[in-house]
Amino acid sequence: MRAILYIIMCIYIIINPLIPNEVKFKNISLGDYILFSIFVVYFLNLILDKHVRKRFIDGIKDFFTDYLTLSMAGLLLIMLISVSYAAEKGMALQETFRFFTYAALFFIIKYEFTKSKYIKGFIGSYIVCTIIMSIFGIFQYFTGFGLNKSFVKTDGFLGRPKVTVSLDNANNFGAFLILAVFPIIMITLYMKDFKKKVLCGLLSACLIVNIVFCYSRNAMLGFVIGLVVLAVVYSWKLIFPIGGLGVIMFLIPQIGSRIMDIGNSAENFTRLKLWKTAWYMIKDHPILGVGNGNFVSLYDKYVAKYHELYIYYDYKRFPCHNSYLKIQSELGIFGIIFFVSILINALIRIKELAGSIEDKFLKYFYTGFFASVIAFLIMNISDNLFFVPKTTSFFWILLAGEEALRRCQKSEFYR
């Protein structure tokens with residue numbers, strides 16, 4: 001049963017981001033059906049196997065005593081409470097259930113797959129996914145195949161459309177690339193076998209090319225930040241290739257001007273208005289917030305009330321475009337405290353694992369993942385990337401893998 005669970009998990013990791021959101025059966029995405037099958041198989045295993053039941057009981061005890069998972073439980077509780085006062089209770093319940101699925105998946109990986117071979121299998125599946133996504137991204141750039149009609153006429157690098165693959169928009173795809181690129185770069189440095197090093201190097205190059213092709217300012221900024229983090233935590237020698245790459249990027253006019261636009265207030269006009277809207281909601285509801293997922297529900301009401309928030313685009317129910325302001329405006333002061341606690345604990349754990357684990361492959365992978373997470377957290381200042389399931393699910397899966405490896409280390413120590 002655990003073998004079946006492991007296989008389904010690997011399938012989910014590989015194909016979930018590849019399935020367009022339009023592909024649904026009875027209004028439910030295929031990826032969610034696979035996720036549901038993971039929970040069903042785990043539940044059956046829980047009923048049939050006493051060893052799984054013991055691990056489940058031990059996991060529950062640990063989940064509610066460990067700082068990281070206790071923060072996750074606290075955030076989930078705040079989300080549940082917020083359903084009671086949310087204007088759109090259906091929306092609040094939907095987002096709460098989505099976070100519950102992340103927590104449940106996290107629980108299963110952390111407490112059921114506490115052997116490095118399983119985590120390596122999940123990482124291998126993740127690498128297969130990134131290979132497919134990066135190849136498809138390059139293909140889409142030149143052909144426009146599978147590109148949403150709204151993006152076909154959107155000018156990107158060299159006047160071609162911005163690449164989104166199957167992730168709805170370029171910023172989401174950019175976040176997916178940033179989570180993947182630094183672990184792959186570090187694996188490239190780790191590989192001793194020449195053929196494997198070349199293949200990993202080619203994948204790294206493909207991911208970097210896709211960062212350019214998606215033409216996301218946020219992704220470009222995240223890439224620079226991640227490289228700097230790698231130079232600090234791994235080797236200062238990386239400063240030289242980082243500097244060289246930076247010069248090359250700025251010498252390409254379209255890329256250089258795109259990066260410079262990050263500080264352009266005219267380019268950030270919409271986001272500044274949205275952040276001000278979030279501030280008004282926080283001011284009006286500082287303790288409890290407006291309810292999980294309900295920023296979009298109240299957006300039109302606030303624009304009507306405060307005319308300076310009006311955006312010349314004829315859009316309704318605009319999202320916040322800042323994960324931290326979204327959390328605080330929707331879940332109040334306690335919600336943001338638990339959320340920040342999760343992120344701080346996650347960074348500490350990843351850094352500790354990368355510094356202590358003996359397996360070189362995992363050490364290098366999680367060193368790269370540490371850089372990716374810092375870049376990802378900064379990217380969430382200007383986007384709601386934590387609330388894009390096909391992107392953020394990898395954050396939770398790889399973080400759960402890190403937690404499983406920590407338990408594996410402890411069990412080996414006590415043996």
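This is a predicted model: local features need pLDDT of at least 70, side-chain atom pairs count only at pLDDT 80 or more; totals for chains, interfaces and linings use all residues.
A search of the whole structure finds 17 salt bridges. Among them is the pair D62 and R407, whose closest N and O atoms are 3.7 Å apart. This pair links distant parts of the chain. D62 belongs to helix α3 (residues 50-63), and R407 belongs to helix α17 (residues 389-414). The two residues are 345 residues apart. R407 counts as partly exposed, because its relative accessibility is 27%.

Helix α17 also holds R406, which pairs with E352 of helix α15. The side chains of R406 and E352 meet in a salt bridge at 3.0 Å, N to O. E352 has a relative accessibility of 42%, so E352 counts as partly exposed. Both pairs belong to one network, built from salt bridges that share partners. The network joins D62, D66, K110, R349, E352, E402, E403, R406 and R407.

The side chains of E88 and R317 meet at 2.8 Å, N to O. E88 sits in the loop between α4 (67-83) and α5 (89-112), whereas R317 sits in the loop between α14 and α15. The pair links distant parts of the chain, 229 residues apart. E88 is partly exposed, with a relative accessible area of 28%. R317 is partly exposed as well, at 36%.

The loop between α14 (295-305) and α15 (323-356) also contains H321. H321 is not a glycine, yet its phi is positive, at about 60 degrees. The relative accessibility of H321 is 19%, so this residue counts as buried; the cut-off is under 20%. A positive phi also occurs at D168, another residue that is not a glycine. Its value is about 75 degrees. D168 lies in the loop between α7 (149-152) and α8 (170-190). With 34% relative accessibility, D168 counts as partly exposed.

The surface also carries a nonpolar patch of about 780 Å². Its members are M1, I4, F36, V40, F43, L44, I47 and L48. Helix α2 (residues 30-48) supplies the largest share, six residues. I4 comes from helix α1 (residues 2-15). At 43% relative accessibility, I4 counts as partly exposed.

Definitions and conventions:
Residues are numbered from 1 along each chain as its sequence is written. Side-chain values use heavy atoms; hydrogens and water are left out. Patches are made of residues with over 30% relative accessible area and no salt bridge: like charges are joined within 9 Å, nonpolar side chains (Val, Leu, Ile, Met, Phe, Trp, Tyr) within 5 Å. Accessible areas come from the Shrake-Rupley method with a 1.4 Å probe; for residues, only the protein chains shown count as cover. A salt bridge is a side-chain nitrogen of Lys or Arg within 4 Å of a carboxyl oxygen of Asp or Glu. Helices (H or I, at least four residues) and strands (E, at least two) are DSSP runs, numbered from the N terminus. Buried means under 20% relative accessible area, exposed over 50%, partly exposed in between (1.4 Å probe, protein chains only).
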